[in-house]
Amino acid sequence: MAALRDGDFAALQILLKAPSKDAVRQLCQECFSSPPAALGPLAQRACPGLAVSAEEAEQLVSALHNLTRHVVYRGLTRAEDILCLFPENFHQNLKNLLTKIILENISAWRNEAQASQISLPRLVDMDWRVDIKTSSDSIIRMAVPTCLLQLKIQEDAALCGNNPVVSALTVELSKETLDTMLEGLGRIRDQLSAVANK
Amino acid sequence: MGLLNFTREPVPEAVSGDMHNLNQLSAQQFSALTEVLFRFLTEPKEVERFLTQLSDFATMNKISLGPLKNIVKSILLVPNGALKRNLSSEQVRADFIALGLSEEKASYFAEQWKVNSPTLTRLAVGQTLMINQLIDMEWKFGVTAGSSELEKVGSIFLQLKLVVKKGSQLENVYVELTLPQFYSFLHEMERVKTSLESFS
């Protein structure tokens with residue numbers, strides 16, 4: 001998470017050289033979504049469009065990243081709160097444009113932040129089937145139902161970047177195990193409703 | 001010897017000799033030995049205890065332990081085969097008689113078999129191969145208060161720890177679910193339960 005720095009707003013004024021409002025919009029979105037490590041390459045791509053030096057492009061991209069991330073972090077949703085962030089002498093029109101762009105994107109950005117937060121491996125899919133065991137080396141004839149449950153688990157998104165590692169785990173449950181599991185899940189559901197009803 | 005119920009293979013030669021020796025035991029002695037045997041069959045992990053009890057039996061009845069162990073090996077052939085083939089107590093009795101055991105003792109053993117077979121069947125089913133058996137499930141749920149990207153979050157998460165038996169080792173698998181995923185998981189598991197119950 002980046003904190004707003006003093007030089008950031010000065011750097012933001014470079015946006016006045018942008019060719020169009022859409023270009024600014026595009027740049028804002030790219031700067032928010034980019035992790036800090038990828039800001040360098042992003043600045044290089046933005047350079048020609050803005051007709052600025054590499055160093056200035058880097059400062060701008062970094063400032064935009066900090067600003068957008070800061071707004072999402074604080075959970076600011078009102079125009080006044082965002083406008084307050086800018087210093088007194090900041091270019092009026094640019095300030096309004098940036099605020100407008102941020103407000104347009106804030107809820108999508110918030111969802112993006114939540115989706116990429118650290119977590120334990122996540123469940124992405126589950127499938128099941130029920131088999132009847134009819135024979136084995138310990139009993140020649142039987143009719144025992146059993147359940148096979150396949151869970152697709154994805155490792156922490158932040159660690160994998162663009163190549164999420166999904167592993168499949170297949171577990172076998174007997175009827176007794178399933179009953180116990182359902183008991184546990186039922187208790188979770190009851191506690192969740194108790195919390196929701198408070 | 002006619003066709004046996006508990007096995008299709010030829011029985012080792014020593015068995016008829018062992019049955020003959022068994023016939024020499026009194027009814028009381030046979031009953032005590034049968035009790036030791038069934039206690040072992042219903043708790044197959046208690047090998048130490050079984051051997052101790054056999055040894056005590058041998059001492060108390062002035063029988064040498066070696067021959068006694070051979071006799072026990074022969075006797076156990078029948079219940080093991082009977083379990084595999086879901087034999088009735090009449091079939092077990094018929095097999096013992098065919099092997100040379102007296103009618104009285106064969107009937108007694110078959111009675112004990114009838115009493116113990118539900119437990120023994122359940123044990124045998126439990127021994128049937130299970131792939132990645134789910135042993136245990138632990139869970140916790142809570143609220144994400146904040147993160148490095150969002151100062152205030154307030155979303156609910158559910159974490160499950162599944163203990164899975166892979167071969168002879170236990171492996172822990174940790175999974176996190178969102179609330180909608182949890183409800184969908186619960187719904188699916190209830191469907192599985194209905195399906196399993198319709199086949200039981």
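## Close-up views of a predicted model

A search of the whole structure finds ten aromatic pairs over all chains. The close-ups below visit one of them and then move on to other spots in this predicted model.

**View 1. Two phenylalanine rings meet in chain B, Phe96(B) and Phe109(B).** Their ring centres are 4.7 Å apart and the planes stand at 65°, so this pair is edge-to-face, a label used for angles over 60 degrees. Phe96(B) belongs to helix H5 (residues 89-99) of chain B, while Phe109(B) belongs to helix H6 (residues 103-126) of chain B.

**View 2. Helices H2(B) and H4(B) cross in chain B.** Take a moment to follow helix H2 (residues 27-42) and helix H4 (residues 65-84) of chain B, which pack against each other. Two packed helices are described by the angle between their axes and the distance between the axes. For this pair the angle is about 60° and the axes are 11 Å apart. That angle makes H2(B) oblique to H4(B). Which hand does the crossing of H2(B) and H4(B) have? The crossing is right-handed.

**View 3. Lys62(B) and Asn132(B) have positive phi values.** Most residues other than glycine have a negative phi, which gives this view its interest. Lys62(B), not a glycine, has a phi near 55°. Look for Lys62(B) in the loop between helix H3 (47-60) and H4 of chain B. Its relative accessibility is 77%, so Lys62(B) counts as exposed. Asn132(B) is not a glycine either, and its phi is about 50°. You will find Asn132(B) in the loop between H6 and strand E1 (133-144) of chain B. Asn132(B) has a relative accessible area of 18% and is therefore buried.

**View 4. Thr77(A) lies in a loop of chain A.** On one side of this loop is helix H4 (54-74), and on the other is helix H5 (79-85) of chain A. Thr77(A) has 55% relative accessibility, so this residue counts as exposed. How far from Asn163(A) is Thr77(A), C-alpha to C-alpha? The two are 33 Å apart in space and 86 residues apart in sequence.

**View 5. Pro41(A) is part of a helix in chain A.** The helix in question is H3 (residues 39-50). Pro41(A) counts as partly exposed because its relative accessibility is 42%. Glu58(A) is 17 residues from Pro41(A) along the chain, and their C-alpha atoms are separated by 9.0 Å.

**View 6. Each chain is divided into domains: chain A and chain B.** In chain A, the assignment gives domain 1 (6-116) and domain 2 (122-197). The centres of these two domains of chain A, taken over C-alpha atoms, are separated by 44 Å. For chain B, the assignment gives domain 1 (1-127) and domain 2 (131-196). Here the C-alpha centres of the two domains of chain B lie 47 Å apart.

Conventions
Residues numbered from 1 in each chain as written. Chains lettered and ligands numbered in written order. Predicted model: local features only at pLDDT ≥ 70, side-chain atom pairs only at ≥ 80, totals over all residues. Heavy atoms only, no water. Phe/Tyr/Trp six-rings, centres within 6.5 Å; stacked < 30°, edge-to-face > 60°. Helix = DSSP H or I, 4+ residues; strand = E, 2+ residues; numbered from the N terminus. Domains from an automatic or database assignment. Axes fitted to C-alpha atoms, helices over the stretch in contact; angles between N-to-C directions. Parallel < 35°, antiparallel > 145°, perpendicular 65-115°, else oblique. Left-handed = near helix turned anticlockwise from the far one by under 90°. Buried < 20%, exposed > 50% of the residue type's maximum accessible area, 1.4 Å probe, protein only.
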